[in-house]
Amino acid sequence: MVRVSLNNVKLLVDIDNKPQFHPSTTTVQTILTAECLEFIVLLHRTFNSKRKLLLSNRQLLQKKLDSGLYQLDFLEETEYIRDDPTWKGPKSLGPGLIDRSVEITGPPLRNMLINALNAEFVNTYMVDFEDSLSPTWQNIIYGQVNLYDLIRDNINFTSVNGKNYSLKDKIQNLPTLIVRPRGWHMVEKHLYIDDEPISASIFDFGVFFYHNAQALIDLGKGPYFYLPKMEHHLEAKLWNDIFNVAQDYLSIPRGTIRATVLIETLPAAFQMEEIIYQLRDHSSGLNCGRWDYIFSTIKRLRNLPTHVLPNRDLVTMTSPFMDSYVKRLINTCHRRNVHAMGGMAAQIPIKDDKTRNDAAMQKVRTDKIRELTNGHDGSWVAHPALAPICHEVFVNMGTKNQIHYIPDTKITSADLTNTSIQDFQVTTEGIKQNLDIGLRYMEAWLRGSGCVPINYLMEDAATAEVSRCQLYQWVKHGVTLSDTGEVVTPELTTKILTEQVSRLKQSSPVGDKNKFDTAAKYFLPEITAKHFSEFLTTLLYDEIVTQKSAPTHLSKL
(Lines give C-alpha, C1' and ligand atoms only; values in the text may rest on other atoms or scores of the structure.)
Protein backbone atom coordinates (compact mmCIF):
# COMPACT_ATOMS: atom_id res chain seq x y z
CA MET A 1 0.00 0.00 0.00
CA VAL A 2 1.30 3.46 -0.89
CA ARG A 3 2.00 5.63 2.16
CA VAL A 4 0.73 9.18 1.81
CA SER A 5 2.01 12.07 3.90
CA LEU A 6 -0.58 13.60 6.20
CA ASN A 7 1.59 16.64 6.84
CA ASN A 8 -0.32 19.89 6.28
CA VAL A 9 -3.65 18.07 6.64
CA LYS A 10 -5.93 19.61 9.26
CA LEU A 11 -9.36 18.69 10.56
CA LEU A 12 -11.00 21.91 11.74
CA VAL A 13 -13.63 20.33 13.97
CA ASP A 14 -13.67 18.33 17.18
CA ILE A 15 -13.47 14.71 16.09
CA ASP A 16 -15.29 13.62 19.28
CA ASN A 17 -18.23 16.03 18.81
CA LYS A 18 -21.08 13.52 18.63
CA PRO A 19 -24.72 14.62 18.15
CA GLN A 20 -26.81 14.70 21.31
CA PHE A 21 -28.61 11.56 20.20
CA HIS A 22 -26.95 9.15 17.82
CA PRO A 23 -27.51 5.46 18.48
CA SER A 24 -24.42 4.11 16.72
CA THR A 25 -21.42 2.70 18.50
CA THR A 26 -19.43 3.51 15.34
CA THR A 27 -17.39 6.65 15.94
CA VAL A 28 -15.92 9.32 13.71
CA GLN A 29 -12.54 7.79 14.50
CA THR A 30 -13.81 4.54 12.96
CA ILE A 31 -14.48 6.44 9.73
CA LEU A 32 -11.59 8.91 9.60
CA THR A 33 -8.78 6.45 10.15
CA ALA A 34 -5.25 7.32 9.11
CA GLU A 35 -5.55 4.83 6.23
CA CYS A 36 -8.81 6.35 4.97
CA LEU A 37 -7.34 9.84 5.22
CA GLU A 38 -4.26 8.78 3.26
CA PHE A 39 -6.59 7.56 0.52
CA ILE A 40 -8.67 10.72 0.20
CA VAL A 41 -5.63 12.97 0.56
CA LEU A 42 -4.01 11.12 -2.34
CA LEU A 43 -7.13 11.59 -4.48
CA HIS A 44 -7.37 15.28 -3.61
CA ARG A 45 -3.70 16.05 -4.26
CA THR A 46 -3.80 14.16 -7.53
CA PHE A 47 -7.01 15.58 -8.98
CA ASN A 48 -8.01 18.84 -7.29
CA SER A 49 -6.11 21.14 -9.65
CA LYS A 50 -7.94 19.57 -12.60
CA ARG A 51 -11.25 20.02 -10.79
CA LYS A 52 -10.60 23.73 -10.31
CA LEU A 53 -9.58 24.17 -13.94
CA LEU A 54 -12.77 22.53 -15.17
CA LEU A 55 -14.84 24.75 -12.88
CA SER A 56 -13.16 27.85 -14.30
CA ASN A 57 -14.06 26.63 -17.80
CA ARG A 58 -17.73 26.89 -16.86
CA GLN A 59 -17.35 30.64 -16.42
CA LEU A 60 -15.60 30.97 -19.77
CA LEU A 61 -18.66 29.37 -21.34
CA GLN A 62 -20.94 31.74 -19.42
CA LYS A 63 -19.11 34.77 -20.79
CA LYS A 64 -19.50 33.45 -24.33
CA LEU A 65 -23.21 32.90 -23.81
CA ASP A 66 -23.69 36.34 -22.26
CA SER A 67 -22.14 37.95 -25.33
CA GLY A 68 -25.12 36.82 -27.40
CA LEU A 69 -22.71 35.82 -30.18
CA TYR A 70 -22.38 32.18 -29.15
CA GLN A 71 -24.99 29.44 -29.07
CA LEU A 72 -24.73 26.03 -27.44
CA ASP A 73 -24.24 23.24 -29.95
CA PHE A 74 -22.88 19.73 -30.22
CA LEU A 75 -19.07 19.70 -30.06
CA GLU A 76 -17.25 19.44 -33.37
CA GLU A 77 -14.16 17.91 -31.76
CA THR A 78 -16.14 14.94 -30.42
CA GLU A 79 -18.21 14.23 -33.51
CA TYR A 80 -16.24 11.00 -33.96
CA ILE A 81 -17.66 9.73 -30.65
CA ARG A 82 -21.25 10.48 -31.60
CA ASP A 83 -20.86 9.03 -35.10
CA ASP A 84 -19.28 5.74 -34.01
CA PRO A 85 -22.09 3.18 -33.47
CA THR A 86 -19.78 0.43 -32.23
CA TRP A 87 -18.88 1.53 -28.71
CA LYS A 88 -21.20 0.67 -25.82
CA GLY A 89 -21.34 0.94 -22.08
CA PRO A 90 -20.24 -1.94 -19.82
CA LYS A 91 -20.72 -5.54 -20.91
CA SER A 92 -23.03 -6.03 -17.92
CA LEU A 93 -25.30 -3.64 -16.05
CA GLY A 94 -23.83 -4.52 -12.68
CA PRO A 95 -25.22 -6.82 -9.95
CA GLY A 96 -28.36 -5.27 -8.46
CA LEU A 97 -28.71 -2.70 -11.23
CA ILE A 98 -30.63 -4.61 -13.90
CA ASP A 99 -34.06 -3.63 -12.59
CA ARG A 100 -34.23 0.04 -11.54
CA SER A 101 -37.90 0.57 -12.29
CA VAL A 102 -38.59 2.15 -8.88
CA GLU A 103 -35.79 4.24 -7.40
CA ILE A 104 -36.33 6.03 -4.09
CA THR A 105 -34.15 8.92 -2.94
CA GLY A 106 -33.32 10.61 0.33
CA PRO A 107 -30.51 11.80 2.62
CA PRO A 108 -28.38 9.40 4.73
CA LEU A 109 -30.27 10.04 7.96
CA ARG A 110 -30.59 6.87 10.00
CA ASN A 111 -34.39 6.69 10.14
CA MET A 112 -34.78 7.66 6.48
CA LEU A 113 -32.35 4.95 5.39
CA ILE A 114 -34.44 2.34 7.18
CA ASN A 115 -37.79 3.66 5.96
CA ALA A 116 -36.63 3.85 2.34
CA LEU A 117 -35.12 0.37 2.30
CA ASN A 118 -38.26 -1.09 3.89
CA ALA A 119 -40.55 0.52 1.29
CA GLU A 120 -42.57 -1.87 -0.89
CA PHE A 121 -41.72 -2.22 -4.59
CA VAL A 122 -38.43 -0.27 -4.37
CA ASN A 123 -35.52 -1.65 -6.41
CA THR A 124 -32.76 0.88 -5.83
CA TYR A 125 -32.09 3.64 -3.31
CA MET A 126 -30.17 6.80 -4.15
CA VAL A 127 -28.59 7.95 -0.88
CA ASP A 128 -28.03 11.68 -1.22
CA PHE A 129 -25.13 13.69 0.19
CA GLU A 130 -25.98 16.51 -2.21
CA ASP A 131 -29.19 18.47 -2.81
CA SER A 132 -31.34 16.90 -0.09
CA LEU A 133 -28.72 17.16 2.68
CA SER A 134 -27.57 20.35 4.37
CA PRO A 135 -23.79 19.76 4.55
CA THR A 136 -23.23 20.42 8.23
CA TRP A 137 -20.31 18.43 9.56
CA GLN A 138 -22.55 16.21 11.64
CA ASN A 139 -24.85 15.50 8.68
CA ILE A 140 -21.92 14.59 6.43
CA ILE A 141 -19.79 12.53 8.80
CA TYR A 142 -22.69 10.77 10.53
CA GLY A 143 -24.19 10.09 7.11
CA GLN A 144 -20.99 8.10 6.49
CA VAL A 145 -21.36 6.43 9.90
CA ASN A 146 -24.94 5.44 9.06
CA LEU A 147 -23.95 3.90 5.72
CA TYR A 148 -21.02 2.09 7.35
CA ASP A 149 -23.46 0.58 9.87
CA LEU A 150 -26.13 -0.14 7.26
CA ILE A 151 -23.82 -2.16 5.04
CA ARG A 152 -22.82 -4.20 8.09
CA ASP A 153 -26.45 -4.81 9.19
CA ASN A 154 -25.98 -2.65 12.27
CA ILE A 155 -28.46 0.13 11.49
CA ASN A 156 -31.44 -0.72 13.72
CA PHE A 157 -32.15 1.65 16.62
CA THR A 158 -34.73 3.10 19.02
CA SER A 159 -35.29 6.86 18.83
CA VAL A 160 -35.44 9.20 21.83
CA ASN A 161 -39.25 9.05 21.74
CA GLY A 162 -39.19 5.25 21.94
CA LYS A 163 -39.94 4.45 18.29
CA ASN A 164 -38.18 1.35 16.97
CA TYR A 165 -36.55 1.42 13.55
CA SER A 166 -35.40 -1.85 12.02
CA LEU A 167 -34.77 -3.29 8.57
CA LYS A 168 -37.22 -5.92 7.40
CA ASP A 169 -34.43 -8.12 6.00
CA LYS A 170 -30.69 -8.46 5.60
CA ILE A 171 -29.07 -5.69 3.56
CA GLN A 172 -28.15 -8.02 0.68
CA ASN A 173 -31.86 -8.74 0.16
CA LEU A 174 -32.92 -5.09 0.18
CA PRO A 175 -32.81 -2.40 -2.54
CA THR A 176 -29.43 -1.68 -4.11
CA LEU A 177 -27.61 1.37 -2.73
CA ILE A 178 -26.45 4.16 -5.04
CA VAL A 179 -24.62 7.07 -3.36
CA ARG A 180 -24.70 10.65 -4.65
CA PRO A 181 -21.66 12.66 -3.52
CA ARG A 182 -21.67 16.43 -3.63
CA GLY A 183 -20.93 18.15 -6.95
CA TRP A 184 -17.59 19.38 -8.24
CA HIS A 185 -18.43 22.97 -7.22
CA MET A 186 -18.52 22.17 -3.49
CA VAL A 187 -15.76 21.89 -0.92
CA GLU A 188 -15.62 20.42 2.58
CA LYS A 189 -14.32 23.20 4.80
CA HIS A 190 -13.90 21.02 7.86
CA LEU A 191 -10.90 19.26 6.31
CA TYR A 192 -7.99 21.27 4.87
CA ILE A 193 -5.23 19.78 2.73
CA ASP A 194 -2.22 21.95 1.89
CA ASP A 195 -4.07 25.04 3.12
CA GLU A 196 -7.19 24.53 0.98
CA PRO A 197 -10.46 22.72 1.71
CA ILE A 198 -10.81 19.25 0.28
CA SER A 199 -13.12 18.73 -2.67
CA ALA A 200 -16.49 17.70 -1.23
CA SER A 201 -16.93 15.27 -4.12
CA ILE A 202 -13.67 13.52 -3.33
CA PHE A 203 -14.42 13.49 0.41
CA ASP A 204 -17.90 11.95 0.02
CA PHE A 205 -16.86 9.44 -2.62
CA GLY A 206 -13.52 8.57 -1.05
CA VAL A 207 -14.69 7.95 2.50
CA PHE A 208 -17.61 5.81 1.35
CA PHE A 209 -15.57 3.87 -1.22
CA TYR A 210 -12.64 3.20 1.11
CA HIS A 211 -14.79 1.64 3.82
CA ASN A 212 -17.56 -0.01 1.84
CA ALA A 213 -16.50 -0.98 -1.69
CA GLN A 214 -15.28 -4.47 -0.82
CA ALA A 215 -18.11 -5.04 1.66
CA LEU A 216 -20.66 -4.25 -1.06
CA ILE A 217 -18.93 -6.60 -3.49
CA ASP A 218 -19.01 -9.32 -0.84
CA LEU A 219 -22.78 -8.75 -0.54
CA GLY A 220 -23.16 -9.52 -4.25
CA LYS A 221 -23.57 -5.91 -5.35
CA GLY A 222 -21.00 -3.16 -5.71
CA PRO A 223 -19.95 0.46 -5.15
CA TYR A 224 -22.46 2.48 -7.18
CA PHE A 225 -22.77 6.25 -7.53
CA TYR A 226 -24.87 9.08 -8.93
CA LEU A 227 -22.79 11.97 -10.29
CA PRO A 228 -24.44 15.41 -10.11
CA LYS A 229 -24.29 18.78 -11.89
CA MET A 230 -21.56 18.16 -14.46
CA GLU A 231 -21.40 20.54 -17.40
CA HIS A 232 -18.76 18.98 -19.66
CA HIS A 233 -17.65 15.51 -20.68
CA LEU A 234 -14.17 16.21 -19.31
CA GLU A 235 -15.76 16.51 -15.88
CA ALA A 236 -16.99 12.94 -16.38
CA LYS A 237 -13.48 11.94 -17.45
CA LEU A 238 -12.18 13.36 -14.19
CA TRP A 239 -14.55 11.07 -12.28
CA ASN A 240 -13.44 8.13 -14.42
CA ASP A 241 -9.79 8.84 -13.65
CA ILE A 242 -10.61 8.96 -9.93
CA PHE A 243 -12.49 5.68 -10.20
CA ASN A 244 -9.50 3.97 -11.82
CA VAL A 245 -7.03 5.24 -9.23
CA ALA A 246 -9.39 4.34 -6.37
CA GLN A 247 -9.94 0.81 -7.66
CA ASP A 248 -6.22 0.30 -8.25
CA TYR A 249 -5.39 1.59 -4.76
CA LEU A 250 -7.70 -0.94 -3.09
CA SER A 251 -6.92 -3.78 -5.53
CA ILE A 252 -10.47 -3.81 -6.86
CA PRO A 253 -10.85 -4.63 -10.57
CA ARG A 254 -11.40 -1.65 -12.84
CA GLY A 255 -14.98 -1.49 -14.02
CA THR A 256 -16.40 -2.61 -10.67
CA ILE A 257 -17.74 0.88 -9.97
CA ARG A 258 -20.93 1.91 -11.73
CA ALA A 259 -21.98 5.56 -12.05
CA THR A 260 -25.19 7.12 -13.29
CA VAL A 261 -24.82 10.72 -14.43
CA LEU A 262 -27.58 13.20 -13.78
CA ILE A 263 -28.08 15.26 -16.91
CA GLU A 264 -29.25 18.25 -14.95
CA THR A 265 -27.34 21.05 -16.68
CA LEU A 266 -28.02 22.57 -20.07
CA PRO A 267 -24.43 22.25 -21.38
CA ALA A 268 -24.37 18.54 -20.47
CA ALA A 269 -27.44 17.90 -22.63
CA PHE A 270 -25.27 18.61 -25.68
CA GLN A 271 -22.65 16.07 -24.52
CA MET A 272 -24.67 13.04 -23.38
CA GLU A 273 -22.88 10.56 -25.61
CA GLU A 274 -19.47 11.97 -24.70
CA ILE A 275 -20.29 11.67 -20.98
CA ILE A 276 -21.22 8.00 -21.34
CA TYR A 277 -18.12 7.49 -23.51
CA GLN A 278 -15.79 8.99 -20.90
CA LEU A 279 -17.17 6.66 -18.21
CA ARG A 280 -17.76 3.66 -20.52
CA ASP A 281 -16.96 0.59 -18.39
CA HIS A 282 -18.15 2.47 -15.30
CA SER A 283 -21.35 3.86 -16.80
CA SER A 284 -24.76 2.83 -15.55
CA GLY A 285 -26.66 5.39 -17.59
CA LEU A 286 -28.09 8.88 -17.39
CA ASN A 287 -30.90 10.44 -15.39
CA CYS A 288 -33.27 13.33 -16.15
CA GLY A 289 -32.85 15.69 -13.18
CA ARG A 290 -35.76 17.89 -14.10
CA TRP A 291 -35.70 20.72 -11.55
CA ASP A 292 -31.95 21.14 -11.71
CA TYR A 293 -32.18 21.11 -15.49
CA ILE A 294 -34.69 23.97 -15.43
CA PHE A 295 -32.41 25.78 -12.97
CA SER A 296 -29.38 25.32 -15.22
CA THR A 297 -31.27 26.42 -18.32
CA ILE A 298 -32.28 29.67 -16.63
CA LYS A 299 -28.80 30.12 -15.15
CA ARG A 300 -26.84 29.72 -18.35
CA LEU A 301 -29.31 31.71 -20.49
CA ARG A 302 -30.26 34.20 -17.78
CA ASN A 303 -28.90 37.29 -19.51
CA LEU A 304 -30.60 36.63 -22.84
CA PRO A 305 -34.07 38.23 -23.10
CA THR A 306 -35.20 35.63 -25.64
CA HIS A 307 -35.04 32.84 -23.03
CA VAL A 308 -37.15 34.17 -20.16
CA LEU A 309 -39.34 31.44 -18.64
CA PRO A 310 -42.85 31.99 -17.19
CA ASN A 311 -44.28 31.01 -13.79
CA ARG A 312 -42.72 27.77 -12.61
CA ASP A 313 -46.03 25.88 -12.80
CA LEU A 314 -46.12 26.52 -16.57
CA VAL A 315 -42.69 24.94 -17.11
CA THR A 316 -43.50 21.23 -17.38
CA MET A 317 -41.95 18.11 -18.84
CA THR A 318 -43.98 18.71 -22.00
CA SER A 319 -42.37 22.15 -22.55
CA PRO A 320 -40.39 22.01 -25.83
CA PHE A 321 -36.88 22.20 -24.34
CA MET A 322 -37.73 19.68 -21.60
CA ASP A 323 -39.42 17.20 -23.93
CA SER A 324 -36.47 17.38 -26.35
CA TYR A 325 -33.88 16.75 -23.65
CA VAL A 326 -35.79 13.72 -22.34
CA LYS A 327 -36.17 12.14 -25.75
CA ARG A 328 -32.54 12.69 -26.67
CA LEU A 329 -31.42 11.17 -23.36
CA ILE A 330 -33.47 8.00 -23.82
CA ASN A 331 -32.32 7.52 -27.40
CA THR A 332 -28.69 8.09 -26.44
CA CYS A 333 -28.70 5.75 -23.45
CA HIS A 334 -30.40 2.86 -25.21
CA ARG A 335 -28.14 3.06 -28.26
CA ARG A 336 -25.21 2.77 -25.85
CA ASN A 337 -26.83 -0.04 -23.82
CA VAL A 338 -27.26 1.76 -20.48
CA HIS A 339 -30.23 2.87 -18.37
CA ALA A 340 -32.25 6.01 -19.06
CA MET A 341 -33.74 7.00 -15.70
CA GLY A 342 -36.74 9.28 -15.25
CA GLY A 343 -37.23 12.20 -12.90
CA MET A 344 -38.51 12.83 -9.41
CA ALA A 345 -42.04 12.51 -8.09
CA ALA A 346 -41.79 14.77 -5.06
CA GLN A 347 -45.40 14.59 -3.83
CA ILE A 348 -46.14 13.82 -0.18
CA PRO A 349 -49.46 12.14 0.69
CA ILE A 350 -52.14 14.60 1.85
CA LYS A 351 -53.54 12.53 4.69
CA ASP A 352 -56.33 14.85 5.79
CA ASP A 353 -57.88 15.55 2.37
CA LYS A 354 -58.78 12.52 0.25
CA THR A 355 -59.90 14.54 -2.76
CA ARG A 356 -56.69 16.55 -2.95
CA ASN A 357 -54.60 13.46 -2.25
CA ASP A 358 -56.29 11.47 -5.02
CA ALA A 359 -55.64 14.33 -7.46
CA ALA A 360 -51.96 14.50 -6.39
CA MET A 361 -51.48 10.76 -6.75
CA GLN A 362 -53.12 10.78 -10.17
CA LYS A 363 -50.67 13.50 -11.21
CA VAL A 364 -47.83 11.19 -10.18
CA ARG A 365 -49.37 8.30 -12.12
CA THR A 366 -49.81 10.41 -15.27
CA ASP A 367 -46.22 11.61 -15.08
CA LYS A 368 -44.87 8.07 -14.69
CA ILE A 369 -46.99 6.86 -17.62
CA ARG A 370 -45.41 9.62 -19.73
CA GLU A 371 -41.95 8.44 -18.68
CA LEU A 372 -42.71 4.79 -19.40
CA THR A 373 -44.19 5.63 -22.80
CA ASN A 374 -41.21 7.77 -23.75
CA GLY A 375 -38.91 4.84 -22.98
CA HIS A 376 -37.45 5.39 -19.52
CA ASP A 377 -36.26 2.29 -17.66
CA GLY A 378 -37.39 3.51 -14.26
CA SER A 379 -38.10 6.59 -12.23
CA TRP A 380 -37.59 8.37 -8.93
CA VAL A 381 -39.91 8.82 -5.95
CA ALA A 382 -39.24 10.86 -2.83
CA HIS A 383 -41.75 9.14 -0.52
CA PRO A 384 -42.39 5.41 0.12
CA ALA A 385 -46.12 5.91 -0.55
CA LEU A 386 -45.37 6.75 -4.18
CA ALA A 387 -43.41 3.56 -4.85
CA PRO A 388 -46.53 1.40 -5.49
CA ILE A 389 -47.74 3.91 -8.10
CA CYS A 390 -44.38 3.93 -9.88
CA HIS A 391 -44.30 0.12 -9.78
CA GLU A 392 -47.88 -0.14 -11.04
CA VAL A 393 -46.83 1.84 -14.13
CA PHE A 394 -43.37 0.45 -14.86
CA VAL A 395 -44.33 -3.19 -14.39
CA ASN A 396 -45.96 -2.74 -17.80
CA MET A 397 -42.50 -2.87 -19.38
CA GLY A 398 -42.84 -6.63 -19.04
CA THR A 399 -39.06 -6.80 -18.65
CA LYS A 400 -36.63 -5.54 -16.03
CA ASN A 401 -35.77 -2.55 -18.24
CA GLN A 402 -36.45 -1.44 -21.80
CA ILE A 403 -32.91 -0.71 -22.94
CA HIS A 404 -33.74 -2.80 -25.99
CA TYR A 405 -36.20 -0.09 -27.09
CA ILE A 406 -34.47 2.66 -29.07
CA PRO A 407 -37.02 5.39 -29.92
CA ASP A 408 -36.67 6.86 -33.36
CA THR A 409 -36.04 10.50 -32.65
CA LYS A 410 -33.76 13.25 -33.88
CA ILE A 411 -33.24 16.22 -31.59
CA THR A 412 -31.36 19.27 -32.84
CA SER A 413 -29.40 21.83 -30.85
CA ALA A 414 -32.19 24.33 -31.51
CA ASP A 415 -34.69 21.91 -29.95
CA LEU A 416 -32.66 21.76 -26.74
CA THR A 417 -32.80 25.54 -26.31
CA ASN A 418 -36.38 26.08 -27.47
CA THR A 419 -37.70 27.74 -24.31
CA SER A 420 -40.85 29.13 -25.92
CA ILE A 421 -43.93 28.19 -23.87
CA GLN A 422 -47.55 28.72 -24.83
CA ASP A 423 -49.70 30.81 -22.52
CA PHE A 424 -46.64 32.65 -21.19
CA GLN A 425 -47.49 34.30 -17.89
CA VAL A 426 -45.57 35.85 -15.05
CA THR A 427 -47.85 36.87 -12.19
CA THR A 428 -47.69 38.39 -8.74
CA GLU A 429 -48.59 34.98 -7.35
CA GLY A 430 -45.65 33.52 -9.26
CA ILE A 431 -43.31 35.96 -7.52
CA LYS A 432 -44.81 35.11 -4.13
CA GLN A 433 -44.55 31.38 -4.76
CA ASN A 434 -40.87 31.63 -5.68
CA LEU A 435 -40.09 33.80 -2.68
CA ASP A 436 -42.01 31.49 -0.35
CA ILE A 437 -40.30 28.32 -1.55
CA GLY A 438 -36.86 29.92 -1.72
CA LEU A 439 -37.04 31.44 1.77
CA ARG A 440 -38.52 28.37 3.42
CA TYR A 441 -35.97 26.03 1.88
CA MET A 442 -32.97 28.28 2.61
CA GLU A 443 -34.08 28.80 6.22
CA ALA A 444 -34.43 25.06 6.82
CA TRP A 445 -31.07 24.42 5.11
CA LEU A 446 -29.39 26.94 7.41
CA ARG A 447 -30.81 25.00 10.38
CA GLY A 448 -29.36 21.75 9.03
CA SER A 449 -32.23 20.26 7.02
CA GLY A 450 -31.88 19.80 3.26
CA CYS A 451 -35.00 17.70 2.66
CA VAL A 452 -37.91 20.05 3.33
CA PRO A 453 -41.66 19.41 2.99
CA ILE A 454 -43.34 22.48 1.47
CA ASN A 455 -46.93 22.48 0.23
CA TYR A 456 -47.04 18.66 0.20
CA LEU A 457 -43.90 18.41 -1.92
CA MET A 458 -40.53 17.16 -0.67
CA GLU A 459 -38.27 19.97 -1.82
CA ASP A 460 -34.50 19.96 -2.20
CA ALA A 461 -32.03 22.63 -3.27
CA ALA A 462 -33.04 22.48 -6.93
CA THR A 463 -36.45 24.04 -6.45
CA ALA A 464 -35.00 26.87 -4.35
CA GLU A 465 -32.50 27.46 -7.17
CA VAL A 466 -35.31 27.72 -9.72
CA SER A 467 -37.05 30.22 -7.44
CA ARG A 468 -34.18 32.67 -7.19
CA CYS A 469 -33.07 32.27 -10.83
CA GLN A 470 -36.54 33.08 -12.10
CA LEU A 471 -36.76 36.16 -9.89
CA TYR A 472 -33.35 37.33 -11.09
CA GLN A 473 -34.40 36.82 -14.70
CA TRP A 474 -37.75 38.61 -14.34
CA VAL A 475 -36.10 41.66 -12.74
CA LYS A 476 -33.14 41.65 -15.14
CA HIS A 477 -35.41 41.82 -18.19
CA GLY A 478 -38.18 43.93 -16.70
CA VAL A 479 -40.94 41.39 -17.31
CA THR A 480 -44.50 42.76 -17.27
CA LEU A 481 -46.87 40.95 -14.90
CA SER A 482 -49.82 39.33 -16.64
CA ASP A 483 -52.26 40.04 -13.82
CA THR A 484 -51.48 43.68 -12.99
CA GLY A 485 -49.51 45.08 -15.93
CA GLU A 486 -46.81 46.11 -13.46
CA VAL A 487 -43.15 45.76 -14.40
CA VAL A 488 -41.08 43.48 -12.17
CA THR A 489 -38.50 45.72 -10.52
CA PRO A 490 -36.02 45.36 -7.64
CA GLU A 491 -38.36 47.50 -5.56
CA LEU A 492 -41.28 45.14 -6.18
CA THR A 493 -39.40 41.94 -5.33
CA THR A 494 -37.88 43.63 -2.25
CA LYS A 495 -41.32 44.73 -1.03
CA ILE A 496 -42.82 41.26 -1.42
CA LEU A 497 -39.72 39.65 0.13
CA THR A 498 -40.09 41.84 3.23
CA GLU A 499 -43.75 40.88 3.54
CA GLN A 500 -42.99 37.19 3.11
CA VAL A 501 -40.23 37.22 5.73
CA SER A 502 -42.52 38.89 8.28
CA ARG A 503 -45.26 36.33 7.65
CA LEU A 504 -42.93 33.32 7.75
CA LYS A 505 -41.23 34.45 10.96
CA GLN A 506 -44.57 34.76 12.70
CA SER A 507 -45.61 31.23 11.72
CA SER A 508 -42.21 29.55 12.21
CA PRO A 509 -42.42 26.26 14.15
CA VAL A 510 -39.09 27.08 15.84
CA GLY A 511 -40.21 30.54 17.01
CA ASP A 512 -37.46 33.12 17.41
CA LYS A 513 -34.81 30.50 16.62
CA ASN A 514 -35.75 30.74 12.94
CA LYS A 515 -33.20 31.92 10.38
CA PHE A 516 -35.46 33.77 7.95
CA ASP A 517 -33.57 37.06 8.40
CA THR A 518 -30.31 35.35 7.46
CA ALA A 519 -31.95 33.65 4.49
CA ALA A 520 -33.40 36.98 3.31
CA LYS A 521 -30.02 38.71 3.63
CA TYR A 522 -28.52 36.27 1.12
CA PHE A 523 -31.64 36.07 -1.04
CA LEU A 524 -32.12 39.82 -1.55
CA PRO A 525 -29.19 40.56 -3.93
CA GLU A 526 -30.12 37.50 -6.00
CA ILE A 527 -33.80 38.39 -6.48
CA THR A 528 -33.11 42.05 -7.25
CA ALA A 529 -30.62 41.16 -10.03
CA LYS A 530 -27.76 42.88 -8.22
CA HIS A 531 -25.79 39.66 -7.96
CA PHE A 532 -25.96 36.13 -9.30
CA SER A 533 -24.32 33.24 -7.47
CA GLU A 534 -23.52 29.99 -9.23
CA PHE A 535 -25.18 28.02 -6.42
CA LEU A 536 -27.21 28.86 -3.34
CA THR A 537 -25.51 26.05 -1.45
CA THR A 538 -22.05 27.56 -1.91
CA LEU A 539 -23.44 31.03 -1.14
CA LEU A 540 -24.83 29.85 2.20
CA TYR A 541 -22.19 27.28 3.09
CA ASP A 542 -20.03 29.39 5.41
CA GLU A 543 -23.07 29.97 7.64
CA ILE A 544 -23.10 26.28 8.62
CA VAL A 545 -19.36 25.68 8.83
CA THR A 546 -18.27 25.01 12.41
CA GLN A 547 -14.56 25.57 12.95
CA LYS A 548 -12.71 25.06 16.19
CA SER A 549 -9.82 27.27 17.26
CA ALA A 550 -7.47 24.30 17.76
CA PRO A 551 -7.42 22.16 14.59
CA THR A 552 -6.39 18.53 14.74
CA HIS A 553 -3.19 17.98 12.76
CA LEU A 554 -3.89 14.65 11.16
CA SER A 555 -0.22 13.75 10.73
CA LYS A 556 -0.43 12.81 14.42
CA LEU A 557 -3.01 10.06 13.84
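1. Basis of the note. The model is predicted, with local features needing pLDDT of at least 70 and side-chain atom pairs counting only at pLDDT 80 or more, while totals for chains, interfaces and linings use all residues. Residues are numbered from 1 along each chain as its sequence is written, and side-chain values use heavy atoms, with hydrogens and water left out.

2. Strand E10. Helices (H or I, at least four residues) and strands (E, at least two) are DSSP runs, numbered from the N terminus.

3. Neighbours of E10. Two strands pair if DSSP finds at least two bridges between them. Strand E9 (residues 224-227) is parallel to E10, with 4 bridges, and Phe 225 stands opposite Ala 259 in E10. Between E9 and E10 the chain passes through helix H7 (residues 233-249), forming a right-handed β-α-β crossover; right-handed means that, with the strands pointing away from the viewer, the path from the first strand over the helix to the second runs clockwise. E10 also pairs in the parallel sense with strand E11 (residues 283-288), over 4 bridges. In that pairing Leu 262 stands opposite Asn 287 in E11.

4. Strand E7. Because 5 of the 7 residues of strand E7 (residues 187-193) are buried, E7 is largely enclosed by the rest of the structure. Strand E1 (residues 9-11) pairs with E7 in the antiparallel sense over 3 bridges, and Lys 10 stands opposite Tyr 192 in E7. E7 is also joined by 4 bridges to strand E8 (residues 196-199), again antiparallel, with Ile 193 opposite Glu 196. E7 and E8 form a hairpin with 2 residues between them, and Asp 194 in the turn has a positive phi of about 55 degrees.

5. Cavities. On a 1 Å grid over the protein atoms alone, a cavity is a set of points where a 1.4 Å probe fits but cannot get out, and lining residues have an atom within 4 Å of a point. Grid points are joined across faces, edges and corners, and a volume is the space filled by probe spheres set on the points. The structure holds 4 cavities of 30 Å³ or more. The largest has a volume of about 60 Å³, and its lining includes Ile 171, Pro 175 and Tyr 224.

6. Largest pocket. A pocket is an open set of points with protein on both sides within 12 Å along at least five of seven lines. The largest pocket contains about 970 Å³ of space. Its lining has 45 residues, and Arg 290, Trp 291, Met 344, Ala 346 and Gln 347 lie nearest its centre. Helix H12 (residues 354-374) gives the most to this lining, with 5 residues.

Note on methods. Buried < 20%, exposed > 50% of the residue type's maximum accessible area, 1.4 Å probe, protein only.
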